Amino acid sequence: MFSPNELDTLMARLISQMGLGSADINKILSANGTTGNSGNQGNQNTIPHFSPQKVLVILGLLGGVLEVKSILIDRDQLVDILLEGSLKRKTPLDNCLDTIGAMPFDDVLKAVLGRI
């Protein structure tokens with residue numbers, strides 16, 4: 001789906017948009033024990049390699065497409081995070097109906113009757 005170079009470029013853009021500088025990136029990499037990826041073995045300032053699935057989840061969370069529905073921690077301290085989202089974009093009519101649906105019924109009825 002994505003080549004390692006494309007993923008590295010995408011992660012560099014994400015990190016720069018989050019406002020992290022190169023010193024912060026070096027701290028993150030050293031804390032994770034990452035010294036680089038296979039594309040740049042001599043460069044210590046490279047971004048760790050992420051799988052396409054991880055990148056898409058990160059983009060979905062940052063873009064507001066995915067929301068965390070629940071976080072479950074079992075007795076073995078395994079963490080399950082349930083994400084939910086839709087790729088369908090809401091139309092202005094959908095947004096209007098959501099707004100109307102949140103209003104009390106008598107207010108909606110008065111507004112409808114006031115227009116007739």
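Me: In which strand is Val68 found?
Reply: This is a predicted model, in which local features need pLDDT of at least 70, side-chain atom pairs count only at pLDDT 80 or more, and totals for chains, interfaces and linings use all residues. Residues are numbered from 1 along each chain as its sequence is written, and side-chain values use heavy atoms, with hydrogens and water left out. Helices (H or I, at least four residues) and strands (E, at least two) are DSSP runs, numbered from the N terminus. On that numbering, Val68 is found in strand 1.

Me: In what order do the elements of the protein run from the N terminus on?
Reply: The secondary structure comprises five helices and two strands. From the N terminus on, the order is α-α-α-β-β-α-α.

Me: What percentage of the 116 residues of the protein count as buried?
Reply: Buried means under 20% relative accessible area, exposed over 50%, and partly exposed in between (1.4 Å probe, protein chains only). Val68, with a relative accessible area of 44%, is partly exposed, and Leu66 is partly exposed at 22%. Of the 116 residues, the buried share is 12%.

Me: Which element gives the most to the nonpolar patch?
Reply: Patches are made of residues with over 30% relative accessible area and no salt bridge; like charges are joined within 9 Å, and nonpolar side chains (Val, Leu, Ile, Met, Phe, Trp, Tyr) within 5 Å. The nonpolar patch on the surface consists of Val57, Leu61, Val68, Ile71, Ile73, Val79 and Ile81, with about 630 Å² of accessible area together (Shrake-Rupley method, 1.4 Å probe; for residues, only the protein chains shown count as cover). Helix 3 (52-62), strand 1 (66-73) and strand 2 (79-85) each supply at least two of its residues. The element that gives the most, with three residues, is strand 1.

Me: How many Å apart in space are Leu66 and Ser86, C-alpha to C-alpha?
Reply: Leu66 lies in strand 1. Leaving aside residues up to four places away in sequence, Leu66 touches Val57, Gly60, Leu61, Leu83, Glu84 and Gly85, where contact means heavy atoms within 4.5 Å. Leu66 and Ser86 are 20 residues apart in sequence, and their C-alpha to C-alpha distance is 7.4 Å.

Me: Which side chain meets Glu84 in a salt bridge?
Reply: A salt bridge is a side-chain nitrogen of Lys or Arg within 4 Å of a carboxyl oxygen of Asp or Glu, and the structure holds one. Glu84 lies in strand 2 and its partner in strand 1, so the pair ties together parts that are 15 residues apart in sequence. Glu84 is partly exposed, at 46%. At 3.6 Å, N to O, the side chain that meets Glu84 is that of Lys69.
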